[in-house]
Structure formats: C-alpha cells, structure tokens
Amino acid sequence: MRDGATIAAISTAVSSAGIGIVRMSGPEAFFIADRIYRSKGDKKLSEQRSHTIHYGYIMDQEVTVDEVLVMLMRGPHSYTGEDTVEINCHGGVYVVKRILEILIENGARPAEPGEFTKRAFLNGRLDLSQAEAVGDLIAAQNQYALQSSVSQLKGSIKNEINDIRNKIIYHTAFIETALDDPEHISVDGYGEELRGVVEKMSARIGRLLESFNNGRLMKEGIRTVILGRPNAGKSSLMNILLGEDRAIVTDIAGTTRDVLEEHLNLSGISLNIMDTAGIRETKDIVERIGVDRAKEQAQQADLILYVIDSSKDLDENDREIFRLIQGKKAIILLNKSDLSMKVTKEIVRKAYVSLNVVSDINLSKNEGNIANSNKSDNNENGKNAFILPIIEVSARSLRGIDELEDNLKKMFFAGNLSFNNEIYITNVRHKNELSGALEALERVKESIDAGMPEDFYSIDLMDAYEKLGNITGETMGEDLVNEIFSKFCMGK
Ligand code: GDP
C-alpha cells in the first residue's frame with residue numbers, strides 16, 4: 001500500500017477564491033519545495049524548522065508564478081505523519097493548478113482522492129474510524145452531523161471499540177493458556193464468568209447499534225415526505241418551510257408530477273423534504289407514475305407530513321393515505337384553515353378510527369405529544385398506536401407553521417440531542433461490523449450454555465475481535481481500505 005512517493009494535490013475547492021492551498025506530503029516534499037521557492041534571503045526551506053511559515057515566491061524556472069506563504073511540517077508531526085509542505089497561494093483556478101503542475105514537474109506525483117488521509121491511517125496517525133470521521137466532517141450538513149464527526153475524530157468510537165477488543169483478547173489468551181497448561185490453570189466455573197463478561201460486552205455493542213438510527217438521521221437528514229390529495233397545498237407548504245419558491249404552485253390539480261427533493265436545516269437537524277404528486281386515482285399515465293412513486297417514497301420515509309385541504313370533505317383518497325401512514329411517524333396538517341373548515345381534528349380522528357387503524361383511546365391520548373414515539377410505534381396487534389399530531393395550518397396566512405416547526409424539532413431525538421458521553425454510530429459499515437460482532441458473541445453464549453469445550457469459545461471470541469477490528473482498521477484487508485479512501489475528496 002505504501003509506494004514512498006511524494007504526493008501533491010490542491011486541497012481547497014478549485015474556484016475563484018481569496019486563498020488556495022496546494023499540499024505536498026512525502027520524503028521529497030522539502031527538497032521539491034526548495035527547487036521552486038525563492039525568498040529575499042534565499043533561504044532553503046529544507047533547512048528551516050518544523051511548524052514554521054515562510055513568505056516568498058513560487059517560481060517556474062525564472063518566472064514568478066505567485067506570492068505565497070509556505071507552511072512546513074516535518075514528519076511524524078504532521079497530518080500524514082510525513083514531511084508536509086502546504087503552499088498558501090492566491091485562490092485563482094489557474095494559479096493553483098499551475099502550482100500543482102510545477103510540483104509535479106519537480107518530482108511529486110498527483111495524489112489520489114483521500115490519499116493524504118490514507119497515509120495518516122497507514123502511518124498510525126488515525127485509526128480507520130477517525131479517518132472516516134474526517135470524510136463525514138467534510139460532508140456534514142448540520143450541527144449534529146458536525147458534532148458527531150468531531151467526536152469520532154477525537155476517537156470516541158476507536159476508544160470504545162479498543163476497550164471491548166482488549167477484554168476479548170484477555171479472555172481468549174486466558175483460554176489458550178489454560179488449555180496449554182491444564183495442570184496449573186483450572187477452567188472450572190470459567191464458562192459462567194465468561195458468560196457475564198460477554199453479556200456486558202454485548203450490551204455495549206447493543207447500545208452502539210441502537211444509536212445508529214439517530215446517527216443516520218443526524219448524518220443524512222430526516223427523509224420527510226409530503227403526502228396529500230392534489231391541490232391540498234403540499235407545494236405551498238413546502239415552499240414556506242424552505243422559504244423559497246421551488247415547487248410549482250398552481251390551481252390545476254395534478255401539477256406536481258414527480259418528486260422534488262429539498263434540504264431544510266431546522267435547529268441543527270436536516271430535513272430532506274420530498275414534495276410528491278398528489279395521491280388520487282387517476283387515468284393519466286404520467287400522473288399515475290408520480291402517484292406510485294409518492295407511495296414508494298412514503299414507505300421509505302422517516303416522517304410523513306400529510307396535508308389535508310380542510311375546506312373540502314375527506315374522500316376515498318384520504319383513506320388510502322391513512323393506510324399509507326400506518327406505523328409511520330406522521331403529522332397531519334389541516335391546511336387552508338383560513339377558509340371555512342369542513343374537516344376538523346375530530347373528523348380526522350373519526351375517519352381514522354373508522355378505518356380500524358388505531359383505537360380511539362390512543363388517538364386522543366397521544367395527540368400533541370410526539371416526542372419519544374419510537375417505542376410506541378406498534379402495539380401488539382401490529383396496528384399503529386403511535387402518536388399522531390393534528391395541526392391546523394394555512395399556507396396562505398402562515399397560521400400553525402410555528403407549531404409545525406416545534407413539533408418537528410420535538411419529534412426526533414426527543415428534542416434533546418446531547419454529545420456529553422454518547423457515541424453515535426453514523427456509518428453503515430460500522431453498523432454491519434458491530435452486528436457481526438454481536439452475533440459472534442451470541443454464539444459464545446450459546447456454546448457456554450450448551451457446555452461446549454472452551455476452545456469453541458475462543459473461535460467465536462476471535463471472530464468478534466476481528467469484526468470490531470475492521471471498524472478501527474486493524475484487521476482490514478487492503479482492498480477495503482483502498483475502497484474506503486477512494487470515496488474521499490481530492491486533496492484530503
Ligand atoms: P398541491 O397540489 O398539494 O401541491 O397544492 P398547491 O400548493 O399547488 O396549492 C393548490 C392551491 O391551493 C393553490 O391555488 C394555492 O394557492 C392554494 N392554497 C394552498 N394553501 C392554501 C391555504 O392555506 N389557504 C388557501 N386559501 N389556499 C391555499
């Protein structure tokens with residue numbers, strides 16, 4: 001995986017900007033910098049101290065290319081762990097590209113995406129979970145995603161995983177030693193002791209796995225789908241939430257034929273809002289496709305905003321939507337409440353109950369309290385006993401919009417995400433490895449319960465050890481490491 005080359009790349013976005021940074025890392029970095037840098041005192045960068053900044057010019061032979069500041073960091077005290085030179089130049093597209101070309105003409109090789117971070121990983125500066133956190137930090141779209149990636153970058157996942165792995169290796173070593181030396185080390189009663197240890201480890205892994213749902217919502221945003229009959233005011237409401245005119249609003253039913261997706265930041269949470277074609281029975285083929293797609297989106301949504309035109313009676317199409325939102329987190333919006341309302345909260349409740357979807361008691365008890373609704377999503381009959389807020393709104397008078405926003409904030413993370421001691425798993429890869437490790441630990445417990453010989457325990461313990469090691473990158477194959485870093489952006 002290591003080729004010993006000195007690599008270079010533009011590390012800032014390539015567009016007109018005040019400053020651009022071209023970064024170079026590897027054994028030749030300081031010498032290449034010497035060849036292309038001039039300053040008043042004719043100093044040689046390779047003779048300067050680490051962590052110093054130097055003012056001067058980048059030269060293309062005898063032609064001055066730019067006036068720059070050059071930052072020097074000697075390995076191992078640099079991001080990559082290697083000698084690193086960062087050239088702060090002017091941020092014009094041509095000038096940064098030209099400086100990169102000059103570095104390459106003088107012996108550097110263009111870096112691949114993520115190669116600086118890959119070197120940091122290979123040189124032991126970061127473990128894989130931290131390296132992935134760097135990618136997440138760059139991609140963070142909101143406050144929570146940012147906080148979560150910073151906590152992972154500081155090593156929150158690494159520390160937890162390493163602690164569990166250390167316990168596993170201790171017990172595996174004990175088993176091996178005891179089996180080698182049965183005369184001196186007794187394994188009587190050890191199974192019971194190990195069972196307790198394994199249970200504790202499983203609980204820790206279980207907690208990490210449980211954090212994944214919130215972790216995913218933080219990182220990717222809440223998939224929010226707006227459903228409702230044509231002309232209920234879906235596009236109008238979406239525009240209000242976004243504060244801009246994106247979706248087309250018209251009086252002709254069926255104008256939103258495809259799914260529009262927009263991103264909204266609300267108190268540090270991202271909502272990925274999808275406006276959909278209105279749900280109605282239709283013979284128009286294009287509209288039909290839109291309706292089917294809306295239904296598909298609804299299946300995958302984390303949240304459904306169901307918009308009802310309260311100035312018109314409910315009909316069969318509403319029944320269809322009631323069925324769609326079964327078992328989902330949803331908010332019912334009685335829109336057009338500025339007009340005379342034919343549909344009230346009470347009517348919605350009755351209609352819902354008449355579908356036999358949810359009992360009357362649950363609806364009235366839970367309305368308006370949607371925080372912590374995860375656990376009550378399904379009652380024992382598989383019907384949704386979830387909490388279903390109904391809010392009177394108007395896209396015209398803006399009535400109820402604040403209430404809607406408040407509900408949205410409370411609905412997820414119960415309104416109080418904290419990062420004090422919690423670790424959030426945000427990466428599917430980590431989740432899969434954790435699930436694998438948990439299964440392996442389950443097998444250890446089964447072996448203990450079945451009274452199997454001790455060497456059976458260590459096989460599955462080592463399996464869990466390896467799966468957890470894949471998260472930190474300790475037991476990871478080269479191909480996978482390459483694949484992970486290839487997803488990074490250029491210059492990182
Ligand atoms: P969609 O088909 O559900 O996306 O509905 P639109 O957002 O395109 O709205 C359909 C029509 O209803 C438009 O003429 C809107 O101006 C109108 N409309 C939307 N919301 C309200 C509202 O709260 N009050 C009133 N009076 N009209 C509304």
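**A tour of the predicted model**

Ile175 is buried, its relative accessible area being 1%. Ile175 belongs to helix H6, which covers residues 156-180. Which residues does Ile175 contact, once neighbours within four places in sequence are left aside? They are Tyr190, Leu194, Glu454, Tyr457, Ser458 and Leu461. For Tyr190 we also have a separation: its C-alpha atom lies 9.1 Å from that of Ile175, and the two residues are 15 apart along the chain.

Before going further, a word on confidence. The average pLDDT of the protein chain is 84, and 84% of the residues score at least 70. In residues 359-386, however, the pLDDT is below 50, and this stretch has 56 contacts in the model beyond near neighbours in sequence.

Let us turn to the sheet. Seven strands make up an open sheet with mixed pairing, and their order is E3-E4-E5-E6-E2-E1-E7. At the edges are strand E3, residues 37-38, and strand E7, residues 109-110, each of which pairs on one side only.

E3 and strand E4, residues 52-60, run antiparallel and are joined by 2 bridges. Arg38 has Tyr57 in E4 as its bridge partner. E4 in turn runs antiparallel to E5, with 9 bridges between them. Here Ile53 stands opposite Met71 in E5. How many residues lie between E4 and E5 in their hairpin? There are 2, and Gln61 in the turn has a positive phi of about 55°. Strand E5, residues 63-73, is then joined by 5 bridges to strand E6, residues 84-91, again in an antiparallel arrangement. Across these two strands, Met73 stands opposite Thr84 in E6.

Next, consider Val95, in helix H2, residues 93-105. Is Val95 buried or exposed? With a relative accessible area of 14%, Val95 is buried, because the value falls under the 20% cut-off. Not counting residues up to four places away in sequence, Val95 touches Val65, Asp66 and His90. Ser16 is 79 residues from Val95 in sequence, and their C-alpha atoms are 9.9 Å apart in space.

Our next residue is Arg429, in helix H14, residues 428-449. Arg429 has a relative accessibility of 16% and therefore counts as buried. Where does the side chain of Arg429 reach? It reaches the backbone oxygen of Ile471, at 3.3 Å.

Finally, we come to the space inside the protein. The structure has 1 cavity of 30 Å³ or more. The largest cavity holds about 40 Å³ of space. Which residues line the largest cavity? The lining consists of Arg229, Ala232, Val307, Ile308, Asp309, Lys312 and Asp318. Strand E11, residues 303-309, supplies the largest share of that lining, with 3 residues.

Thank you for your attention.

Definitions and conventions. Residues are numbered from 1 along each chain as its sequence is written. This is a predicted model: local features need pLDDT of at least 70, side-chain atom pairs count only at pLDDT 80 or more; totals for chains, interfaces and linings use all residues. Side-chain values use heavy atoms; hydrogens and water are left out. Helices (H or I, at least four residues) and strands (E, at least two) are DSSP runs, numbered from the N terminus. Buried means under 20% relative accessible area, exposed over 50%, partly exposed in between (1.4 Å probe, protein chains only). A polar contact is a pair of N or O atoms within 3.5 Å; within protein, one must be able to donate a hydrogen and the other to accept it, and residues adjacent in sequence count only if both atoms are side-chain atoms. pLDDT is the predictor's confidence in each residue, from 0 to 100. Contact means heavy atoms within 4.5 Å. Two strands pair if DSSP finds at least two bridges between them. On a 1 Å grid over the protein atoms alone, a cavity is a set of points where a 1.4 Å probe fits but cannot get out, and a pocket is an open set with protein on both sides within 12 Å along at least five of seven lines; lining residues have an atom within 4 Å of a point. Grid points are joined across faces, edges and corners, and a volume is the space filled by probe spheres set on the points.
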